[in-house]
Amino acid sequence: MTTTLAPPVSIGKAAVGALGILALSTGALESVVSPTIPLLERELDMSQSEGALLSIVLLITGALITPLAGKFGDRYGGKKVLIRLMAVVSLGGTVSALAPNLPVLLVGQVLQGAMIGALPLSFIVVRKHLPAGESKVAIGVVSGLFVGGSMVGMLSAGPVAEQLSRHWMFALPTIAVVGSTLLVNRLMPADPPGRPDDVGIDWPGLLLLSGMLTTLMLVLALAPEAGSAPLVLVALVVLLAVFVTGWVRVERRAAAPMIDLNMLARPAIWKACALTFVICLGTTMAVYLVPQLLDERGDGYGFRASATEIGLYLLPGAVAATLAGPLGGLGDRRFGSRAVVNTGVVMMAVGLLAVAAVHTEIWHLVVGKVLIALANGLCVTAMMTSTATAVDPNDTGIATSLILVSRVLGSAVGGQLGGALLTAGTPSGAEVAAESAYVTGFVIAGIVVLSALFVTRTMSKGVKA
């Protein structure tokens with residue numbers, strides 16, 4: 001028997017604007033770590049590998065929370081779950097703001113990772129309240145403002161940390177998240193649940209996914225030091241294979257799998273996930289390596305930039321990323337996702353390889369970062385909007401969660417790989433990574449991104465799930 005639901009209340013620009021402000025606030029909170037990693041490494045006495053871990057631990061939590069948030073949103077309603085998720089994010093921001101040391105800061109970042117689950121929940125709400133054409137643009141705007149929040153975070157993090165303290169650079173965006181959450185709660189009408197609550201949550205799948213991601217990060221962290229502990233690395237690789245095998249078997253047998261492998265098997269979905277992973281891996285290597293190179297104090301390379309200066313140098317890239325969200329949605333609507341993604345892939349590869357070849361002036365890094373950020377925004381937004389509007393409305397949350405999990409995994413691997421390369425490229429007893437380590441990182445990222453063209457050539461003009 002099917003239940004007929006009343007049509008949802010239509011929403012206006014104010015409600016969409018409230019979602020956009022929330023996306024802007026969470027984006028700012030997410031981005032404050034990136035330009036201040038060198039400062040945090042000095043203040044908290046962290047190694048470069050620990051700095052890379054700090055830069056991606058939020059993303060690991062996001063990979064775990066996002067499919068759960070998408071499934072809950074599809075089942076119980078996007079707004080209801082969104083408000084509760086933002087309470088967790090606000091708690092995480094508060095913990096980060098008060099953190100006296102690295103372990104407590106990591107706990108705060110883990111809690112803040114719940115913010116990534118806010119995106120599929122926002123898409124659920126938009127999809128249920130707007131027609132397909134308008135929802136593509138609205139999703140692009142919300143995605144763009146989330147990325148655009150990085151502009152605010154990157155610009156403000158350095159000055160706030162240096163003039164006030166590192167604690168306030170977390171506290172201020174957390175206050176904005178709390179205020180914008182209250183605004184969404186007031187202006188956004190509730191969306192009806194999409195499914196009856198008759199199936200339990202796939203906790204075994206969630207636990208296995210958690211173990212898989214944690215083990216993957218440990219493998220990447222220990223890889224540069226494999227010579228000193230080869231058996232440990234081999235054991236972790238075997239454990240990772242066990243987690244992957246177990247997770248696949250559990251998801252295939254689960255009545256309500258955490259990640260629907262049948263949906264993931266659809267060509268349009270797995271291609272979108274593969275592209276998102278590759279593109280975000282290349283982007284995040286640049287996101288990690290560029291600030292480190294700006295801060296570097298090497299002989300003939302590096303610029304000894306302060307946290308405030310790094311934020312200013314990264315600002316043009318954040319502006320480009322902000323514009324890329326709406327442009328990606330509009331481009332997908334008019335030209336199709338394949339054209340948008342091909343353009344983005346070529347643009348990003350050019351930016352990465354150009355920075356690898358030429359990085360003797362600050363403007364070289366600034367221009368390269370602009371190309372990379374613009375390309376990333378175009379590609380990910382095109383994948384997100386086309387996937388969100390191509391599946392059944394009741395599957396919007398889980399479908400977009402798959403794209404976001406791919407984004408998170410690519411970002412986590414890219415950030416950790418960048419840190420591993422710098423650690424491996426730092427001579428024993430030295431504090432400065434070799435210039436060749438940066439060049440290698442940018443070249444690897446560029447080649448990985450170019451491999452996406454093998455996937456895009458098999459795509460249809462628009463993603464059809």
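This is a predicted model: local features need pLDDT of at least 70, side-chain atom pairs count only at pLDDT 80 or more; totals for chains, interfaces and linings use all residues.
Q: Why are α4 and α8 called roughly antiparallel?
A: Helix α4 (residues 78-98) and helix α8 (residues 166-187) pack at an angle of about 165 degrees, with their axes 8 Å apart. Angles over 145 degrees count as roughly antiparallel, and the pair is therefore described in that way. The crossing of α4 past α8 is left-handed.

Q: What makes the contact of α4 with α8, by class?
A: On the α4 side the contributing residues include L82, I83, M86 and V89, and on the α8 side they include F170, A171, T174 and V177. By class, the contact has 11 nonpolar, eight polar and one charged residues.

Q: Which residues of α8 are buried?
A: They are R166, M169, F170, A171, P173, T174, V177, S180, T181 and V184, where buried means under 20% relative accessible area.

Q: Why is V432 called neither buried nor exposed, but partly exposed?
A: Its relative accessible area is 25%, and since buried means under 20% and exposed over 50%, V432 is therefore partly exposed. V432 is found in the loop between α16 (396-424) and α17 (435-450).

Q: What does V432 touch, not counting residues up to four places away in sequence?
A: V432 touches E296, R297, G298, Y301, T426 and P427. The C-alpha atoms of V432 and D299 are separated by 9.2 Å, although these residues are 133 apart along the chain.

Key. Residues are numbered from 1 along each chain as its sequence is written. Side-chain values use heavy atoms; hydrogens and water are left out. Axes are lines fitted to C-alpha atoms, for helices over the stretch in contact, and angles run from 0 to 180 degrees between N-to-C directions. Helices (H or I, at least four residues) and strands (E, at least two) are DSSP runs, numbered from the N terminus. Angles under 35 degrees count as roughly parallel, over 145 as roughly antiparallel, 65 to 115 as roughly perpendicular and the rest as oblique. A crossing is left-handed if the near helix is turned anticlockwise from the far one by less than a right angle, and right-handed if clockwise. Contact means heavy atoms within 4.5 Å. Ala, Val, Leu, Ile, Met, Phe, Trp, Tyr, Cys and Pro count as nonpolar, Asp, Glu, Lys and Arg as charged, and the others, Gly among them, as polar. Buried means under 20% relative accessible area, exposed over 50%, partly exposed in between (1.4 Å probe, protein chains only).
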